[in-house]
Every structure is written in structure tokens, then in C-alpha cells.
Amino acid sequence: MNQESLQKAFSTLPLERIAYFAQVVSTNDVAADWAKEGLKGPAIVVADEQTKGRGRAGRSWFTPPGSALALSLLLFPPSTLDYSQLGKASGLGALALCEGLEAGFGLRPEIKWPNDVLLDGKKVCGVLAEAHWRGEELQALILGIGINIAPPSVPPPEMLNFPATSLESALGSAVSRMEVLQSTVEHVLQWLPRLHELNFIQAWEARLAYRDQAIRLLDGQNEPLEGHLLGLRQDGSLEVSLASGEIRAFQAGEIQLRPLVDRGSN
Ligand code: BTN
């Protein structure tokens with residue numbers, strides 16, 4: 001993959017800018033610079049290696065050269081996406097990857113709410129959605145997507161807080177990074193103007209891991225909450241029936257989700 005092959009692969013899509021880096025600090029940082037420059041998007045930046053890739057909750061994201069896919073999309077948020085629904089941006093990247101893996105490879109990925117993609121119960125992709133504001137105005141959405149393509153992209157055990165795998169390990173064969181990249185970007189752009197539709201929530205919910213199962217919710221401070229995962233609400237929040245009998249919705253960023261019973265993913 002290089003600048004030329006990337007440009008060729010995306011020649012039919014209405015992208016404002018396409019950039020490829022052999023090495024970069026974080027593709028989300030590049031997209032943030034573009035937003036500051038005034039780019040409206042859609043635009044994409046892809047890197048073979050990130051020296052300081054970022055994950056959610058301040059974690060780092062492992063992107064060694066030659067084996068991972070690290071991309072960020074700079075997106076102009078649709079007017080239908082109001083402030084209270086920004087959590088939907090989290091599901092967008094995960095859903096887009098799932099649809100590509102289903103259509104292209106016949107896989108059955110699941111989404112660990114809000115935005116981790118699992119294969120055989122192990123994480124193969126993470127999404128970091130960042131919003132850029134100018135004063136009160138939402139100026140841009142940056143959707144950073146990291147996909148473990150080949151086995152060396154799976155972080156060492158001491159970096160993991162959840163079991164992980166790679167796409168090639170799950171499939172047992174080599175995978176074209178360009179194919180995964182193209183289908184993910186295409187699905188993101190298809191869904192972007194339709195985030196307000198019930199269809200979007202239904203497509204996300206249909207792939208939810210642990211649905212109707214016992215789960216544990218961690219906020220990093222208090223005792224974990226236990227309950228049953230009911231599904232998604234229209235704003236993309238997670239609806240849970242707690243052990244106390246109370247039914248509550250949680251917003252993305254508020255909690256981490258875990259199965260109560262390990263399904264043997266380790
Ligand atoms: C997570 O699961 O914690 C989210 C990981 C997001 C990683 C991607 S890789 C491309 C983009 N650039 C970054 O620095 N992070 C995101």
C-alpha cells in the first residue's frame with residue numbers, strides 16, 4: 001500500500017483528501033490537523049505504523065509496521081446528528097467494519113458495545129471517535145479505526161485488557177489490507193447520512209455481543225454493576241436490566257462492558 005495505490009482505490013469516492021504515511025504519530029492527530037486547517041471531509045489518512053497510536057480511555061494502541069491497518073476518517077457531521085447522539089459515531093466505525101467482514105469474508109463479527117469488533121469473542125478492531133468543536137459548533141468528527149490484520153498486530157499480553165486476535169488468525173488465510181480498508185470506508189460513508197434512521201440502530205443492535213446475556217459493567221471507580229443486556233436505545237445508548245430490577249441506559253464512554261461468564265475466549 002502507498003499513496004498511489006490508495007488514490008487509485010478511492011478514485012470513485014468523493015474524498016477531499018487522501019494521505020498515506022509509512023509512519024506517523026497517530027492518524028487521528030493528522031485528521032485533527034486537517035480539521036483545524038478547515039477541511040470539511042470526507043477525507044482519509046492511513047498509516048502503516050503509528051508511533052503513538054491512541055485508544056479509548058487514554059490507553060495506547062499498538063500499530064507495528066506491516067501487519068495492522070490504522071486509518072482515520074475526517075467526517076463532516078450530518079445536521080441530523082445532534083449533540084445528544086454523538087455516541088452513535090462510536091457504533092458507526094464498528095458497524096462498517098462488520099458489514100465489510102460479513103460481505104467480503106463470510107465472517108460473523110460481533111460488536112462489544114459501543115465499538116469494539118470481536119471475532120470468536122476476541123477483539124480484532126477498536127474505534128476511537130473524537131469530536132472537534134469550534135465554540136459551541138460541532139465542526140468535525142474523526143473516526144479512528146484500528147484493525148489487527150496479521151498476527152504481529154496483536155499486542156503482547158501485558159498490553160491487553162481484553163483477549164485479542166487478528167483477522168488472518170480468525171480466517172486462517174492472508175488478507176488484503178486494501179480490501180478491508182475499502183469496504184470499511186465505503187460502509188462508513190453509506191451510513192453517515194443515515195445515522196438518524198431506525199435502520200442504523202437495528203443494524204448495530206443485530207450484531208451486539210452478549211445480547212440477552214448476563215454482563216458486568218465497569219466504570220473504573222465503583223463496584224462493578226451486574227445485569228442483563230437488553231439492547232440499544234434509539235440514541236445508541238446501552239439498555240441494561242440491572243440485578244436490582246432497575247432498567248437503565250448507559251452512554252458510550254461512561255462504562256466498560258464485560259460478559260459475566262467467560263465464553264471461553266481466552
Ligand atoms: C480502542 O479500542 O481503544 C480504540 C482504538 C483506536 C485505534 C485507532 S488506529 C487509527 C486511529 N489512530 C489512533 O491513534 N487511534 C485510532
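This report describes the sheet of a predicted model and the surroundings of its ligand.

An open sheet is formed by 7 strands, arranged in the order 1-2-5-9-8-7-6, and its pairing is mixed. Strand 1 (17–24) and strand 6 (110–112) each have a single partner strand and stand at the edges, so one side of each is left without a neighbour in the sheet. From one strand to the next, the twist averages 20°. Within this order, strand 2 (residues 43–50) pairs with strand 5 (residues 68–75) in the antiparallel sense, over 5 bridges. Val45 stands opposite Ser72 of strand 5.

**The ligand and its shell**

Around the ligand there are 20 residues, of which Ser26, Gln50, Arg54, Arg56 and Lys123 come nearest.

| Residue | Protein atom | Distance to a ligand oxygen atom |
|---|---|---|
| Ser26 | polar side-chain atom | 2.7 Å |
| Arg54 | backbone N or O atom | 2.7 Å |
| Arg56 | polar backbone atom | 2.6 Å |

The ligand on its own has 420 Å² of accessible area, and the protein covers 99% of it.

Several elements contribute to this shell: helix 2 (27–37), strand 3 (53–54), strand 5, strand 8 (122–134) and strand 9 (137–148) each supply at least two residues. Strand 8 gives the most, with 4 residues. By class, the shell consists of 10 polar, 6 nonpolar and 4 charged residues.

Technical notes: Residues are numbered from 1 along each chain as its sequence is written. This is a predicted model: local features need pLDDT of at least 70, side-chain atom pairs count only at pLDDT 80 or more; totals for chains, interfaces and linings use all residues. Side-chain values use heavy atoms; hydrogens and water are left out. Two strands pair if DSSP finds at least two bridges between them. Axes are lines fitted to C-alpha atoms, for helices over the stretch in contact, and angles run from 0 to 180 degrees between N-to-C directions. A residue is near a molecule or strand if one of its heavy atoms lies within 4 Å of it. A polar contact is a pair of N or O atoms within 3.5 Å; within protein, one must be able to donate a hydrogen and the other to accept it, and residues adjacent in sequence count only if both atoms are side-chain atoms. Accessible areas come from the Shrake-Rupley method with a 1.4 Å probe; for residues, only the protein chains shown count as cover. Ala, Val, Leu, Ile, Met, Phe, Trp, Tyr, Cys and Pro count as nonpolar, Asp, Glu, Lys and Arg as charged, and the others, Gly among them, as polar.
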